[in-house]
Amino acid sequence: MVFQESENVELKKIVVDDIKKEIIAFANCDGGKLYVGVGDDGTVTGVPDPDNASLQISNMVRDGIKPDVTMFIHYQTLQEAKKEIVAVDVQRGTNRPYYLAKKGLRPEGVYVRQGYSSVPATDTAIRQMIKETDGDRFEARRSLMQELTFNAANKEFALRKLKFGLSQRRTLKLLDQDNLYTNLGLLLSDQCTHTIKTAVFQGTDSRVFRDRQEFSGSLLQQMNDVYAYIDMHNQTKATVEKLYRIDVRDYPETAIREALLNSLVHREYSVNTSSFIKIFADRIEFLSYGGLVSGLEQEDILTGLSVCRNQDLASVFYRLQLIEAYGTGIQKIMAEYEGFEKQPLIETTANTFKIILPNRNTQYEEKPDNLTESYKEVCYEEKLRCKEELNIKGKLSNEEKVIKFVQEHGSLRKSDVIALLGVSSSTASRLLRKLKDNKLLKQTGKARDTYYVAAES
């Protein structure tokens, strides 16, 4: 037999560590043969103990290459020029890309065959191999990043008294059968590369910025941070109905929550672009990449029909009791605006999905003094509903309770608000920030010494 290196033939005199790279390259491409005991020039040198050489290579493959490629490798001892050599036959693997365990799923760990050499694969080549073997669903593919942490996810699961160990991560499909993190794992990790950009504009167009911010990290962290940001800008308008003060927020909290969750769960993550949330004087816009799933029409969404783009991500959010199993989010949003003249809008293109929530308080202001009786009735019914939602029928609102506490005690801390209202730390912080912004309270001190007193009139 004449030995000569080619695209699918590699020659080695002895067993060396680089053999792993050659096997990886053959398994990632069209397969090939490795002959041990043959020099680069084709000269047969032989190996003194073929069985031991085969065992060495087998151990190297088992311990040094991921995922398991052993089923695609066959070893054979051949007699050539009265000497024994080892032939290693490598077939194209079905779980590509294969890589060096110590290097990970990165170009320095993944090799492909190029001419007579085995060379590091490009990021594009790695992604293509993952897509070919894992399928088209982005969340189910193996993540290019494997050094992931889950501080935010651990906190969110612990908050709901749910376990989030290795077995749960496998069940939720953050890990695949080879204990490699999937893209779903990446989305929920602290290293998530997708972000949400927010902006607050002056007036009803995007000419003048009042504020802008970009949120990163785990999708669960972004969810909490973005909701708190919107909530901070969700103003309350107070009106008086006889002896009661009626507080109506610009946007229903349920509608904000459902629109935000929709933009997180249903967006297309295979394209690394940010989602956008824009807050205007008269509306909030939630814009995410990814149009309607094929076969779904806009009218279908309004009737409650839902086809989920990211099934595994939706399962995690369902497990965390953030969403329901069926597509009720849009219907919940619409229900919050029942009786109002301006209704939420849904706009779609081939690649985008937008939910527009109107500011409820601007709708009263836009009406002339001579309101129709039907509109007055709608306003009065909405005020009664808000009164019940805020639990202030015959009672003080949370804001009034805080102000009354300050008047009676001279000052208060955040811990006092938590104990007084029975709310979480984040809710207490938002309430104090709103009272401070409205110049009802004044902040004094810093860090642990922070307390609040009545603002000077």
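**Notes on the predicted model**

1. The count comes to 27 salt bridges, a salt bridge being a side-chain nitrogen of Lys or Arg within 4 Å of a carboxyl oxygen of Asp or Glu. This is a predicted model, in which local features need pLDDT of at least 70 and side-chain atom pairs count only at pLDDT 80 or more, while totals for chains, interfaces and linings use all residues. Residues are numbered from 1 along each chain as its sequence is written, and side-chain values use heavy atoms, with hydrogens and water left out.

2. Arginine 113 pairs with glutamate 10, with the closest N and O atoms 2.8 Å apart. Strands (E, at least two residues) and helices (H or I, at least four) are DSSP runs, numbered from the N terminus. Both partners, arginine 113 and glutamate 10, are buried; buried means under 20% relative accessible area, exposed over 50%, and partly exposed in between (1.4 Å probe, protein chains only).

3. Aspartate 312 forms a salt bridge with lysine 173, the closest N and O atoms being 3.7 Å apart. Because aspartate 312 lies in helix α10 and lysine 173 in the loop between α5 (166–171) and α6, the pair ties together parts that are 139 residues apart in sequence. Aspartate 312 counts as buried at 7% relative accessibility, whereas lysine 173 is partly exposed at 43%.

4. Helix α10 (residues 311–319) has Asp312, Leu313, Ala314, Val316 and Phe317 as its buried residues. Their cover includes α4 (151–159), α6 (183–188), α7 (219–233) and α8 (253–265), where contact means heavy atoms within 4.5 Å. Glutamine 321, with a positive phi near 60°, follows α10.

5. How much space lies in the largest pocket? The volume is about 1,600 Å³. A pocket is an open set of points on a 1 Å grid over the protein atoms alone, with protein on both sides within 12 Å along at least five of seven lines; a cavity is a set where a 1.4 Å probe fits but cannot get out, and lining residues have an atom within 4 Å of a point. Of the 50 residues lining the largest pocket, Tyr227, Asp231, Glu253, Thr427 and Arg430 are the closest to its centre. Helix α7 gives the most to this lining, with nine residues.

6. The whole structure has one cavity of 30 Å³ or more. The largest cavity holds about 40 Å³ of space, and α7 and α8 are the elements that give two or more residues to its lining.

Methods
Points joined across faces, edges and corners; volume = space filled by probe spheres on them.
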